[in-house]
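Try each task before reading its solution.

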Amino acid sequence: MSVTELSVSTQNYLKAVWGLSEWSDAPVTATVIAEKTGLTLSSVSDAVRRLTDQGFLDHARYGSIALTDIGRAHAVAMVRRHRLIESFLVSVLGYGWDQVHDEAENLEHAVSDFMVERIDEFLEHPTRDPHGDPIPSADGVVTIPDAVQLSRVSPGSTVVVERISDDDPDLLKFFEERGIVFAAILHVSAGAPYSDALDVQVGENSATVSLGRGASDALYVSGGTNTG
């Protein structure tokens with residue numbers, strides 16, 4: 001069965017479960033899905049029961065929710081569609097990286113499997129989207145970069161930006177205006193005392209930018225010393 005044969009609701013739920021577990025080891029629950037999607041807890045609970053009965057989810061009563069093998073395959077197919085569309089919108093149509101998420105959310109349900117593969121071919125098989133998220137291969141392989149949130153990196157480290165959370169378009173604009181983009185090199189130093197902030201310098205010649213916890217949590221980096 002192609003993912004195109006699933007309802008839009010099913011596509012969204014499977015992708016949401018995948019997204020919640022891609023960069024976090026925290027248990028996925030109906031409450032967490034409701035917070036992620038903006039839906040009511042009762043609606044999510046009903047959907048989880050339905051998708052469990054259909055074989056897409058594993059869910060122990062009052063326990064965490066996980067994708068079955070077939071559920072994962074469909075979720076990864078949706079993630080691939082979404083990230084290839086984002087890449088196309090930025091690379092070909094000139095969208096800003098803060099504009100593409102919502103557009104891709106709409107288009108991913110409408111395009112055919114054939115169009116997805118043509119986009120992949122046209123872009124010469126990209127492996128990361130504009131925000132640094134890995135693009136699954138056509139056979140469902142996902143290579144997650146070895147990265148941690150910037151907030152967990154020790155001051156004095158030099159790191160490479162591997163991924164930027166796209167949950168907040170205004171924060172993406174803030175980062176872009178300061179050169180904090182995928183693959184940027186950041187020199188990290190301690191922020192003001194008691195501020196829970198980090199100061200970063202992009203490259204060698206830029207001004208220092210102070211990042212609060214919300215901003216540093218949204219950046220995933222490699223190469224630094226992990227504070228644990």
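**Exercise 1. Find which residues lie nearest the centre of the largest pocket, and describe its lining.**

Step 1. Gly-19, Leu-20, Lys-36, Asp-166 and Asp-167 lie nearest the centre, and the lining numbers 32 residues. This is a predicted model, in which local features need pLDDT of at least 70 and side-chain atom pairs count only at pLDDT 80 or more, while totals for chains, interfaces and linings use all residues. Residues are numbered from 1 along each chain as its sequence is written, and side-chain values use heavy atoms, leaving out hydrogens and water.

Step 2. A pocket is an open set of points on a 1 Å grid over the protein atoms alone, where a 1.4 Å probe fits, with protein on both sides within 12 Å along at least five of seven lines; lining residues have an atom within 4 Å of a point.

Step 3. Two or more lining residues come from each of H1, H2, H4, helix H5 (100-107) and helix H8 (213-218). Helices are DSSP runs (H or I) of at least four residues and strands (E) of at least two, numbered from the N terminus. H1 supplies the largest share, 9 residues.

Step 4. Sorted by class, the lining has 10 nonpolar, 9 polar and 13 charged residues. Here Ala, Val, Leu, Ile, Met, Phe, Trp, Tyr, Cys and Pro count as nonpolar, Asp, Glu, Lys and Arg as charged, and the others, Gly among them, as polar.

**Exercise 2. Work out which helix gives the most to the lining of the second largest pocket.**

Step 1. Look at the lining, which includes Ala-30, Thr-31, Leu-41, Arg-49 and His-59.

Step 2. H2 and helix H3 (41-53) each supply at least two of the lining residues. H3 gives the most, with 5 residues.

Step 3. By class, this lining has 4 nonpolar, 5 polar and 2 charged residues.

**Exercise 3. Locate the aromatic pairs and say how they are arranged.**

Step 1. There are 3 aromatic pairs in the structure. Rings of Phe, Tyr and Trp (its six-membered ring) pair if their centres lie within 6.5 Å; planes under 30 degrees apart count as stacked, over 60 as edge-to-face and the rest as tilted.

Step 2. One of them joins Trp-23 and Tyr-220 in a tilted arrangement, 4.9 Å centre to centre with 50° between the planes. Trp-23 sits in the loop between helix H1 (8-22) and helix H2 (30-37), and Tyr-220 in strand S8 (residues 219-222), 197 residues apart. Both Trp-23 and Tyr-220 are buried (buried means under 20% relative accessible area, exposed over 50%, partly exposed in between, with a 1.4 Å probe and protein chains only).

Step 3. Phe-88 and Phe-122 form an edge-to-face pair, 6.3 Å centre to centre and 65° between the planes. Phe-88 belongs to helix H4 (residues 69-91) and Phe-122 to helix H6 (residues 113-122), so this pair ties together parts that are 34 residues apart in sequence. Phe-88 is partly exposed at 23% relative accessible area, whereas Phe-122 is exposed at 58%.

**Exercise 4. Decide whether Pro-134 is buried or exposed, and find what it touches.**

Step 1. Pro-134 is in the loop between H6 and strand S3 (148-149).

Step 2. Its relative accessibility is 2%, so Pro-134 counts as buried.
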